[in-house]
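Please open the model in your viewer and keep the sequence beside it, so that each selection can be followed in both.

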Amino acid sequence: MRRVLVIALLICVIPLARAIDTAPAFDDPAQQSRYNDLIHQLRCVQCRSQSIADSNVSLAADLRRQVRELMAAGKSDAQILQYMTDRYGDYVLYDPPVKPQTWLLWAAPLLFVIIGGITAVVVIVRKSRVAVDDPAETDPALAGSSDAGAP
Amino acid sequence: MWRYLIPIGLFAALVAFFYVGIDRDKQTLPSPLIGKPAPQWQLPSVEDPAKMVSSSDFAGKPYVLNVWATWCAECRHEHSALLAIAQRGEVPIVGVDWKDDRDQAQRWLQQLGNPYVANAYDGEGRVAIDWGVYGAPETFLVDSQGNVVFKHISSMTMEVWERDFLPRLKGNGTSR
């Protein structure tokens with residue numbers, strides 16, 4: 001039983017072994033999770049498809065250091081994200097703000113659902129009307145003739 | 001008839017989207033600093049760690065800030081253009097040597113020539129973060145009011161200089 005527990009604990013440690021972020025951990029677990037949240041919200045502008053938490057590019061390390069220092073200086077999460085957007089623009093945020101330039105980005109999923117919904121309704125309404133209007137469906141006397149080719 | 005127009009229309013819209021997107025530069029991020037006051041900085045010089053270089057040294061007149069490093073291949077490529085621009089004497093070029101080795105940087109300047117009026121050594125990359133630098137080379141134009149007017153990402157060429165920098169530099173000189 002004890003061996004199983006030890007193995008389970010070791011498995012829990014595996015994610016820590018990636019060691020992209022070589023800076024020492026925070027003493028306070030609350031600060032650590034705040035830090036983790038922040039660095040996952042910030043894009044590595046050099047490598048684009050990774051957050052600064054996932055990247056071992058030196059600029060990402062510099063930005064992680066900056067996040068630590070701003071936290072140590074008592075800045076709020078909003079202030080830290082603002083600090084980054086002041087320098088790198090909205091692109092640095094993985095969660096871009098809703099603005100006139102980004103409304104299409106945010107509205108696109110809803111737009112597609114609406115377009116799909118309208119299409120579905122139109123198709124269903126039209127199909128059901130055809131079924132009602134089709135004499136073959138309503139008049140059993142004609143049913144045989146329209147299905148003549150069917151086995 | 002109109003049922004054929006819908007797919008054709010959708011296709012045309014898609015083509016329009018791709019057409020707009022195909023020429024768009026997705027590598028170059030627009031700088032939020034344009035039109036805003038340039039970041040203030042103070043750093044030791046590349047040549048002499050005891051000597052400080054500061055943004056206030058260049059205040060009141062337009063200047064070009066060029067971020068470079070010896071590990072950056074594009075920087076070697078643009079170096080001859082920087083030398084030619086420095087030769088023309090239209091505007092001083094201030095260098096920021098970004099996350100570099102100081103000895104190598106000094107050797108670089110000795111071997112390739114020095115287009116800079118001053119060269120700041122940003123070993124930890126702190127000033128570069130204030131400027132929103134994410135790759136080298138990057139070149140900024142700061143006007144006489146101390147505002148960032150333009151940012152060019154990647155290698156500087158004479159074509160870029162004449163097209164993007166000179167008109168803004170001249171506009172700055174006459175209108176204010």
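Which side chain meets that of Arg87(A) in a salt bridge? Select Arg87(A) together with Asp130(B), whose side chains form that salt bridge at 2.9 Å, N to O, the term being used for a side-chain nitrogen of Lys or Arg within 4 Å of a carboxyl oxygen of Asp or Glu. Three salt bridges are found across the interface of chain A and chain B.

This is a predicted model, in which local features need pLDDT of at least 70 and side-chain atom pairs count only at pLDDT 80 or more, while totals for chains, interfaces and linings use all residues. Residues are numbered from 1 along each chain as its sequence is written, chains are lettered from A and ligands numbered from 1 in the order in which they are written, and side-chain values use heavy atoms, with hydrogens and water left out.

Next, select both sides of the contact (heavy atoms within 4.5 Å), to which chain A gives 19 residues and chain B gives 20 residues. Together the chains bury about 1500 Å², 50% of it on carbon and sulfur atoms; buried area is the accessible area, taken with a 1.4 Å probe, that two parts lose on being put together, summed over both.

Finally, move to Ser55(B), which is buried with a relative accessible area of 7%, where buried means under 20% (1.4 Å probe, protein chains only). Leaving aside neighbours within four places in sequence, Ser55(B) is in contact with Pro39(B), Gln40(B), Trp41(B) and Tyr63(B).

Definitions and conventions. Buried means under 20% relative accessible area, exposed over 50%, partly exposed in between (1.4 Å probe, protein chains only).
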